[in-house]
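Thanks, everyone, for making the time.

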Amino acid sequence: MVTAPSIPSPTVRDTHRSTLAPLVVPDRLLLGPGPSNAHPQVIAAMNHQPLGHLDPDYLAMMDEVQELLRYTWQTDHELTYAIAGTGSAAMEATLANAIEPGDRVLVAVKGYFGHRLVNMAQRYGAEVVTIQKPWGEAFTLEEITAALKTHQPAVMAIVHAETSTGVRQPLEGVGAACREQGCLLVVDTVTSLGGVPIFLDDWQVDLAYSCSQKGLSCAPGISPFTMGPRAVEKLERRAKPVANWYLDAALLRQYWGSARVYHHTAPINLTYALREALRLLAEEGLEARWQRHQSTAEYLWAGLAELGLSCHVPQEFRLPTLTTVRVPDGVDAKAVGRQLLTEHNIEVGGGLGELAGRVWRIGLMGHNSDPQHVDTLLQALKTVLD
Ligand SMILES: Cc1ncc(COP(=O)(O)O)c(C=O)c1O
């Protein structure tokens, strides 16, 4: 008889065990490209026990979030909800649902996030064509219309607020031009929602996405997504299902819509947070909020000029939510950023991609769009630069 070799039972290893003290998070002023500080009432809203993801009170909250998102985006799109994930997940959701393998997709690239759109669209089997602009410039409607005519894409994607450059892309007329060519329009509103005027329906945008941690002053991890009737029609005509199960709008709509079919365990506490963030936005009113962002940004631009610093983007196309400031010759951009953080508790961003080392990125978004924060930053910047 053969006896089975005895297998030693595993013992718990203490190799990675540590006796950490309870968490302490430093108090920072986040004036970079995001995340921004969450509103204190948003943090308070998160501080509740989770409900079940099919609890009637939670389902009612989901409806409220949808309605508030429609207001924030100025859209009647029925399919408007929040994706469990950061802005990149919502970005991926728009592309996954809009693109069928082999579709030609036109991406207007004028910064880092345009390149991300290209990369993602390629992964969904698109034949991607691009138009490009130097980092710091916006496309004209004529340039976009000409590219649509030349390439005849099935989908066009463009970033409204390019966080890497601080450029606001005018969108008036782009949706109409896309409709003329029979193509869907995808717009990235990650750094514009809640801080920069957006009229999704008037601009005839078919799909859009955003994030929670910038203009909405919420914690990161839950991201607005919307899809209009033309995009839904394309989704319903697909020969093959959406390649990404988690982000498939045909499945998600069954959870967010009246069927209430389980899809995934929703990020319950982040939904509380987003509801509160959107409620605060509605309480303030969109126009007042956009105006606050604009006037606070103008206050910053004037203060920067007094320090002898110049902005990278011409004022006409400058975002109120994100300003790129040129680093003066001979100044070490990274060292200044480090000093602002360690000595003044203020975070600003460095340049990305082509603008690495050449600009700082200053975000004044949501709750942080406040002239007092501008004063604090300018004072600290002056001290560090002196
Ligand atoms: C314009 C733009 N699109 C997409 C993203 C990706 O969002 P997230 O970092 O939340 O995944 C960002 C992030 O900053 C962004 O600025």
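When I say salt bridge, I mean a side-chain nitrogen of Lys or Arg within 4 Å of a carboxyl oxygen of Asp or Glu. Please keep in mind that what you see is a predicted model. By that rule, Arg-279 and Glu-276 form a salt bridge, at 3.0 Å from N to O, and both residues sit in helix H9, 3 residues apart, which is about one turn of the helix. Arg-279 is partly exposed at 28% relative accessibility, whereas Glu-276, at 11%, counts as buried.

The count for the model comes to 16 salt bridges. Another of them pairs Glu-143 with Lys-133, with the closest N and O atoms 2.9 Å apart; here Glu-143 belongs to helix H5, while Lys-133 lies in the loop between strand S4 and H5. A further pair is Arg-289 with Glu-284, at 3.2 Å, where Arg-289 is buried at 4% relative accessibility and Glu-284 is partly exposed at 30%. Shared partners also join Lys-133, Glu-137 and Glu-143 into one network.

Now to the domains: how many salt bridges cross the interface of domain 1 and domain 2? The rule finds 0 there, although 17 residue pairs are in polar contact between the two domains. On the side of domain 1 that touches domain 2, helix H10 and strand S11 each supply at least two residues, and H10 gives the most, with 4. The residues of that side divide into 13 nonpolar, 10 polar and 5 charged. The area buried between the domains is about 2500 Å², with carbon and sulfur atoms giving 62% of it.

Technical notes
Residues are numbered from 1 along each chain as its sequence is written. This is a predicted model: local features need pLDDT of at least 70, side-chain atom pairs count only at pLDDT 80 or more; totals for chains, interfaces and linings use all residues. Side-chain values use heavy atoms; hydrogens and water are left out. Buried area is the accessible area (1.4 Å probe) that two parts lose on being put together, summed over both. A polar contact is a pair of N or O atoms within 3.5 Å; within protein, one must be able to donate a hydrogen and the other to accept it, and residues adjacent in sequence count only if both atoms are side-chain atoms. Ala, Val, Leu, Ile, Met, Phe, Trp, Tyr, Cys and Pro count as nonpolar, Asp, Glu, Lys and Arg as charged, and the others, Gly among them, as polar. Buried means under 20% relative accessible area, exposed over 50%, partly exposed in between (1.4 Å probe, protein chains only).
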